[in-house]
Protein chains: 2
Amino acid sequence: MEKYVIGLDYGTDSARALVVDAADGRILASAVADYPRWKQGLYCDPSANRWRQHPADYLEVLESTVRDALSRCPAGTASHVVGLAFDTTGSTPCLTDGTLTPLSLLPEFAEEPDAMFVLWKDHTALREAEEINAACRSSGTDYTMYEGGAYSPEWFWAKLLHILRASAPLAAAAGGFVECCEWLPAIVTGVKRDAGIVRSRCAQGHKALWHASWGGLPPESFFSGIDPLLQGWREKVSGPALTADRPVGILCPEWAERLGLPSSVIVAGGALDAHVGAVGAGVGLHTLVRVIGTSTCDMTVVPAEEIGSRCIPGICGQTDGSILPGLVGLEAGQSSFGDVYAMWRRVLEWPLRAFSGLEGEALEKACRRILPALDEAASALPPGGTGMVATDWINGRRTPDANPLMKGTVAGFTLGTTAPGIYRSLVEATVFGTKAISDRFVREGIRIDQVIGVGGIAHKSPFVMQMMADVLGVPIRICGTDQACALGAAMFAATASGVYGRVEEAVSAMGSGFLREYIPDPTRTAAYAPLYEKYLSLGALTEREIFKGDI
Amino acid sequence: MEKYVIGLDYGTDSARALVVDAADGRILASAVADYPRWKQGLYCDPSANRWRQHPADYLEVLESTVRDALSRCPAGTASHVVGLAFDTTGSTPCLTDGTLTPLSLLPEFAEEPDAMFVLWKDHTALREAEEINAACRSSGTDYTMYEGGAYSPEWFWAKLLHILRASAPLAAAAGGFVECCEWLPAIVTGVKRDAGIVRSRCAQGHKALWHASWGGLPPESFFSGIDPLLQGWREKVSGPALTADRPVGILCPEWAERLGLPSSVIVAGGALDAHVGAVGAGVGLHTLVRVIGTSTCDMTVVPAEEIGSRCIPGICGQTDGSILPGLVGLEAGQSSFGDVYAMWRRVLEWPLRAFSGLEGEALEKACRRILPALDEAASALPPGGTGMVATDWINGRRTPDANPLMKGTVAGFTLGTTAPGIYRSLVEATVFGTKAISDRFVREGIRIDQVIGVGGIAHKSPFVMQMMADVLGVPIRICGTDQACALGAAMFAATASGVYGRVEEAVSAMGSGFLREYIPDPTRTAAYAPLYEKYLSLGALTEREIFKGDI
């Protein structure tokens with residue numbers, strides 16, 4: 001009898017549902033939906049780097065995408081679904097009232113951005129991250145040691161402290177703080193209180209200072225020492241930090257009804273999208289998976305006995321079981337990648353929106369032509385053909401060596417500077433950012449035999465991917481599906497529901513292979529080398545002299 | 001009986017003719033014309049920083065603008081014209097055949113850019129400037145000492161050497177090399193050979209290493225020591241280097257006919273546009289005149305006995321009589337100012353030209369809306385409100401401290417960066433470039449009591465001019481005419497034709513007063529101070545580490 005599983009992938013702009021045959025990974029159907037409020041730009045302030053998502057966005061697309069995907073499957077498919085699993089962006093946490101209801105779902109906070117999910121790329125908690133870092137430095141144990149040595153404003157505790165400070169009424173009403181990837185499984189399994197819910201090993205270990213060696217989260221005194229506002233919060237957000245192959249429950253009647261699924265469906269523990277995508281793409285020992293979208297996430301795994309108690313400096317973190325259970329997952333990444341191109345596209349949209357006379361769909365269509373045309377024009381230039389050099393940290397730098405104060409720089413403007421030329425320098429910058437991360441892994445003795453590319457940019461931009469192969473000087477294989485995250489979630493669902501005993505077996509049976517391979521051109525690899533040195537140099541000097549917090 | 005004079009101003013994009021009453025400076029009529037080939041972008045290569053102008057462009061607009069202006073005057077005006085004078089861009093020289101005919105006017109070189117006028121902002125002679133600088137350093141006399149200590153690729157000898165090297169047939173055909181401001185007066189007075197023509201004190205002193213203390217141009221051995229190709233060229237380009245108040249002849253019959261003027265009209269010696277504009281604007285002791293257009297020129301005058309033999313380092317030059325006869329003219333300037341905004345406008349035009357569907361005049365009209373809209377949006381931001389800092393040297397740096405290898409940098413890109421935000425940072429950069437020049441004058445003891453703004457930007461952009469007053473912390477008065485260069489030329493014409501005995505008398509009688517004054521806001525002056533420090537820092541870092549010739 002067939003067994004189907006559903007992988008649910010919650011990205012930055014949209015969510016997708018994938019109905020998969022658990023035996024071989026065959027995709028029966030998928031459905032994608034944009035978050036409606038997010039798409040309108042609600043609750044966000046780009047100039048302040050404030051990015052919020054309303055929980056209703058998630059719940060609405062959950063129902064619509066699952067029903068939509070099932071409607072495209074043969075009749076009766078739903079009754080053969082045995083498991084589902086979520087992956088989401090993160091750290092993307094939200095204040096709740098203690099019964100797992102986000103505060104923004106209460107009438108009094110319905111329009112309050114601080115009562116919504118604080119999206120991973122939100123940078124409003126810069127100051128709070130600094131305070132947490134200072135507390136770690138002055139503590140007996142540096143709790144950031146397994147998170148690359150620096151706590152990021154993009155992460156759980158910085159966001160919690162920032163929001164508690166921002167609004168006394170919210171702080172008074174708050175009874176819990178939950179990652180999106182923990183909240184969705186809890187909601188659909190009918191859990192009614194925050195206390196003790198299953199937490200995500202992946203989110204806890206990479207974003208919330210969780211580590212087995214100090215017994216989970218740092219002690220209460222650590223948090224209340226940073227600010228009395230944090231008093232009691234360790235307890236409120238504690239729970240078993242499980243790997244994503246473990247079931248957390250079965251669908252509650254309400255959600256079985258809303259999704260059109262049997263209430264016997266087993267729900268797996270959630271995890272962060274990139275980590276789940278790494279599994280979906282085929283991560284393994286000595287394999288680096290890069291999820292390349294608005295930002296990037298670079299992941300690999302190593303046996304615990306190989307890495308021992310060593311801490312890899314300057315990366316995002318290392319957590320036992322965060323990617324594959326039983327192996328230490330290593331995470332690095334660029335806090336902006338496709339977002340760099342999107343920023344440049346938005347800059348170039350300005351004249352179209354203001355002066356073209358176009359409106360509505362005609363205007364959007366014209367705007368959509370910008371990036372393909374930039375790709376075409378920029379790819380005609382040789383390495384360094386712009387005479388420009390840029391840095392990529394337009395959303396701070398995540399790795400190597402986190403520095404949220406960093407901003408991007410473009411150097412080399414002349415009278416002849418063009419829009420495609422600036423774009424090419426920005427693309428080179430993002431790819432040089434990739435090399436900086438790869439160089440760090442290698443320097444720290446993490447052997448990398450192959451790179452697998454996943455995500456929108458990996459699939460859609462041969463220009464960027466060929467440049468990446470050229471700059472890194474290693475071949476890059478492109479994952480056989482553009483839905484690696486959702487497929488990875490399906491693999492976790494298949495494991496949690498008992499189809500497989502171990503995730504690796506699910507990966508072997510359900511994996512999608514590779515679409516194509518980018519082979520580096522040694523001539524271009526050599527041509528990029530001096531440009532990369534310029535990139536490092538521009539980065540170092542702007543970091544030292546320009547971006548020091550007062551600009 | 002009325003006496004009229006004609007001021008002829010040859011700018012970068014267009015030429016104008018101004019018919020003026022020599023008694024009081026009253027403007028009877030004016031006419032402007034774009035250079036037709038230049039407007040089509042012919043013979044130029046922005047990516048190589050190659051900018052050339054065809055001599056036929058100058059001759060055609062000379063005839064059309066003078067006839068056009070006269071046609072707007074009362075009948076009989078032409079017969080009362082007693083003098084005319086030219087000012088032009090420079091150093092903008094051209095190879096001739098030895099009979100003052102530019103080589104590009106010969107059929108065999110008609111389409112050869114190296115046979116045309118090499119526009120001031122052309123940077124193709126970077127290498128040759130370096131060689132001239134090296135020769136000056138190793139010579140007993142540093143012949144750049146009165147030109148700020150560095151020879152620029154924008155100047156006469158670098159351009160000559162570059163062109164002679166570029167084409168053997170051209171080098172073989174070449175019999176002379178003449179500045180535009182020397183060529184036009186020679187042509188209209190019917191001079192038929194290069195040898196011994198009246199040269200411009202202004203162009204020679206600021207651009208061609210002329211100085212009275214070493215008897216004019218450096219010796220033949222200096223030039224032939226740089227490259228044997230220069231052998232004999234000192235002789236070919238020598239001639240009396242006169243101030244622009246001196247007559248060089250009367251209109252030849254051919255040009256009297258073509259222009260519709262009496263052949264009794266006296267033609268004054270030409271000079272560079274900025275210097276003539278300084279006179280038209282009312283330059284005097286302790287007064288800094290800034291001509292602010294595509295680039296800037298900052299000028300003042302000091303008595304010879306006050307400056308003595310001191311050399312002001314890092315400026316463009318100091319030449320006795322280059323501005324007002326009898327005083328030492330000091331020149332500094334930014335090699336790009338309005339060009340920075342034009343570059344940014346062109347970048348933003350790209351999507352409009354590619355995707356708006358607009359064509360022809362509708363497209364050009366949309367493009368013309370860009371800069372006013374940027375001004376409006378950028379002026380709504382406070383000092384430093386973009387979080388960005390930029391440098392302005394998109395065409396190399398002229399002063400302080402010439403460095404033709406410098407390029408522009410924009411630092412501070414974030415996810416929220418906007419087109420107007422980048423524009424504001426570029427405007428701040430150009431204005432900080434102004435302060436760097438002003439600071440240099442003051443440091444060297446050149447007293448500045450007032451600033452007068454002239455040129456397109458001074459008249460058209462209150463946003464830029466208010467920022468300039470705020471950043472400098474001094475009031476800026478805007479010249480009463482937007483045709484200061486042409487008016488200055490008219491003043492020289494009136495002096496050369498004997499209406500006045502000294503240029504200062506012409507200035508008193510014919511000056512146009514001031515339109516408005518920008519008063520600095522002390523709060524904003526204080527707010528800009530730390531941003532200016534960032535500008536200096538970013539400039540120093542990129543100069544030391546990034547722009548060293550290999551990018």
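Trainee: Where is the place of A:P400 in chain A?
Mentor: A:P400 sits in the loop between β18 (389-391) and β19 (408-413) of chain A; strands (E, at least two residues) and helices (H or I, at least four) are DSSP runs, numbered from the N terminus. This is a predicted model, in which local features need pLDDT of at least 70, side-chain atom pairs count only at pLDDT 80 or more, and totals for chains, interfaces and linings use all residues. Residues are numbered from 1 along each chain as its sequence is written, chains are lettered from A and ligands numbered from 1 in the order in which they are written, and side-chain values use heavy atoms, leaving out hydrogens and water.

Trainee: And what kind of peptide bond joins A:T399 and A:P400?
Mentor: That bond is cis, with omega at about -10°.

Trainee: In chain B, which residue does a cis peptide bond join to B:G90?
Mentor: The partner is B:S91, and omega is about 0°. B:S91 belongs to the loop between β5 (81-88) and β6 (93-96) of chain B.

Trainee: What does B:T391 touch, then?
Mentor: Residues up to four places away in sequence are not counted; beyond them, B:T391 touches B:K407, B:G408 and B:T409, together with B:A429, B:Y535, B:L538 and B:G539. Contact here means heavy atoms within 4.5 Å.

Trainee: Next, a lysine. Where does A:K207 lie?
Mentor: A:K207 is part of helix α7 (residues 201-207) of chain A. With a relative accessibility of 3%, A:K207 counts as buried.

Trainee: Backbone angles now. What is phi of A:N49?
Mentor: Phi of A:N49 is near 55°, a positive value in a residue other than glycine. A:N49 is in the loop between α1 (36-39) and β4 (52-53) of chain A, and at 13% relative accessibility A:N49 counts as buried.

Trainee: What about phi of B:H286?
Mentor: For B:H286, another residue other than glycine, phi is positive and near 65°. The loop that holds B:H286 runs between α11 (273-281) and β14 (287-292) of chain B.

Trainee: On to helix packing. At what angle do helix α2 and helix α6 of chain B pack?
Mentor: Helix α2 (residues 55-71) and helix α6 (residues 180-188) of chain B pack at about 55°, and their axes are 12 Å apart. That makes α2(B) oblique to α6(B). Axes are lines fitted to C-alpha atoms over the stretch in contact, and angles run from 0 to 180 degrees between N-to-C directions; under 35 degrees is roughly parallel, over 145 roughly antiparallel, 65 to 115 roughly perpendicular, and the rest oblique.

Trainee: Which residues make the contact of α2(B) and α6(B)?
Mentor: From α2(B) come B:P55, B:Y58, B:L59 and B:L62, and from α6(B) come B:C180, B:W183, B:L184, B:I187 and B:V188.

Trainee: And how do helix α19 and helix α20 of chain A pack?
Mentor: Helix α19 (residues 484-496) and helix α20 (residues 503-510) of chain A pack at about 125°, with axes 9 Å apart. They are therefore oblique to each other. On the α19(A) side are A:L487, A:A490, A:M491, A:F492, A:A494 and A:T495, which meet A:V503, A:A506, A:V507 and A:M510 of α20(A).

Trainee: One more residue. Where is the place of B:A135?
Mentor: B:A135 is in helix α3 (residues 126-138) of chain B, and counts as buried at 16% relative accessibility. Leaving aside neighbours within four places in sequence, B:A135 is in contact with B:F222 and B:I226.

Trainee: How many residues apart in sequence are B:A135 and B:S30?
Mentor: They are 105 residues apart in sequence, and 46 Å apart in space from C-alpha to C-alpha.

Trainee: Finally, what rotation superposes chain B on chain A?
Mentor: A rotation of 180° with 0.1 Å of shift along its axis does so, at an RMSD of 0.1 Å. That is the relation of a two-fold axis. The superposition is by least squares on C-alpha atoms of residues with pLDDT of at least 70 in both copies.

Trainee: Why do the copies meet through the same surface?
Mentor: Because 98% of the interface residues of chain B are also interface residues in chain A.

Technical notes: Buried < 20%, exposed > 50% of the residue type's maximum accessible area, 1.4 Å probe, protein only.
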